[in-house]
Amino acid sequence: MQVAEDLSLSFEMTGGNEKSIYKMKIYTKTGDKGFTSLIGGTRVPKHHLRIESYGTVDELNSYIGLIRDQEISTHDKEVLKHIQDRLFTIGSSLAADPEKSRMIIPDLHLADIELLEKEMDNMDGQLPQLKHFILPGGSNTISFCHIARCVCRRAERLTVHLAEESVVDEKVNIYLNRLSDYLFTLARKIGNEHKIPENEWIPRI
């Protein structure tokens, strides 16, 4: 999330006034030595676990955008746009130094988690009962959902690890956990709508 470094630098330039208008630049030249800034000004190496965490959330957000660009229902597009907004909030939270940042960052709410659960319940009500493991694939859109699901799982693993050594909002890990399940269910829903048979995994004994 390049925006994290830009926001951090702009925040310092405006004297830490959260009401100031932030000026973003595409390039800053401040990361050429392999270090970057958290929101709050702390310099950390680009391989830092916090950077890996919000960078993976940014990667996930890009894949969500890819799914939105496919031929899916207007409702699903709207839900995915909301998810992208929530992922940007999560990324901003992860990009902030919990000890030094004075920047006001939007919160993740329990209602955001409940929305994913509600959407999954609605989709499950339209789908045949799941009785087998499913191999990813069937169409480009289905495959994009599964790729996003895997990236989401990786983001969750990283944030869980980060939470063991730093401050991470508990709702972040819960949201990412629900989101991976949502993406799996969305893949099934899209396949069902387009009458694409599920790619059942049959164990070879």
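**View 1. Leu60 and the residues it touches.** Setting aside residues up to four places away in sequence, Leu60 touches Leu87, Ala148, Val151, Cys152, Leu176, Leu179 and Leu183. Touching, or contact, here means heavy atoms within 4.5 Å. Keep in mind that this is a predicted model, where local features need pLDDT of at least 70 and side-chain atom pairs count only at pLDDT 80 or more, while totals for chains, interfaces and linings use all residues. Residues are numbered from 1 along each chain as its sequence is written, and side-chain values use heavy atoms, with hydrogens and water left out.

**View 2. The largest nonpolar core.** Leu60 turns up again here: along with Leu87, Leu179 and Tyr182, Leu60 touches the most other members of this 39-residue core. A nonpolar core is a set of buried Ala, Val, Leu, Ile, Met, Phe, Trp, Tyr and Cys residues joined through side-chain atoms within 4.5 Å. Buried means under 20% relative accessible area, exposed means over 50%, and partly exposed is in between (1.4 Å probe, protein chains only). Which elements give two or more residues to this core? They are α2 (49-68), α3, α4, α5 (140-163) and α6. Those labels come from DSSP runs numbered from the N terminus: helices are H or I with at least four residues, and strands are E with at least two.

**View 3. Helix α4 and its buried face.** Helix α4 covers residues 110-124, and its 15 residues should span 21 Å at 1.5 Å a residue; the end C-alpha atoms are 21 Å apart, which agrees. (The expected span is 1.5 Å times one less than the number of residues.) The buried residues of α4 are Asp112, Ile113, Leu116, Glu119, Met120 and Met123. Looking down the helix axis, these buried residues fall within an arc of 120 degrees, so they line one face of α4. That arc is taken from the directions from the helix axis to the C-beta atoms. Here's the background: an α-helix has 3.6 residues a turn, so residues three or four places apart point the same way. Among the elements covering the buried residues of α4 are α3 (74-94) and α6 (170-193). On the face turned away from the buried side, you'll find the exposed residues Leu110, Lys118 and Asp121.

View 4. The structure holds 10 salt bridges, each a side-chain nitrogen of Lys or Arg within 4 Å of a carboxyl oxygen of Asp or Glu. One of them pairs Arg154 with Glu59, with the closest N and O atoms 3.1 Å apart. Arg154 sits in α5 and Glu59 in α2, so this pair ties together parts that are 95 residues apart in sequence. Another joins Arg153 and Asp181, with the closest N and O atoms 3.2 Å apart. Since Arg153 is in α5 and Asp181 is in α6, this pair ties together parts 28 residues apart in sequence. Arg153 is partly exposed at 30% relative accessible area, and Asp181 is partly exposed at 30%. Elsewhere, Asp76, Lys189 and Glu193 are linked in a network of salt bridges.

**View 5. Asn177 and its contacts.** Asn177 lies in helix α6 and is partly exposed, with a relative accessible area of 22%. What does Asn177 contact, leaving aside neighbours within four places in sequence? The answer is Arg153 and Glu156. Asn177 and Glu156 are 21 residues apart in sequence, and their C-alpha atoms are 6.6 Å apart in space.
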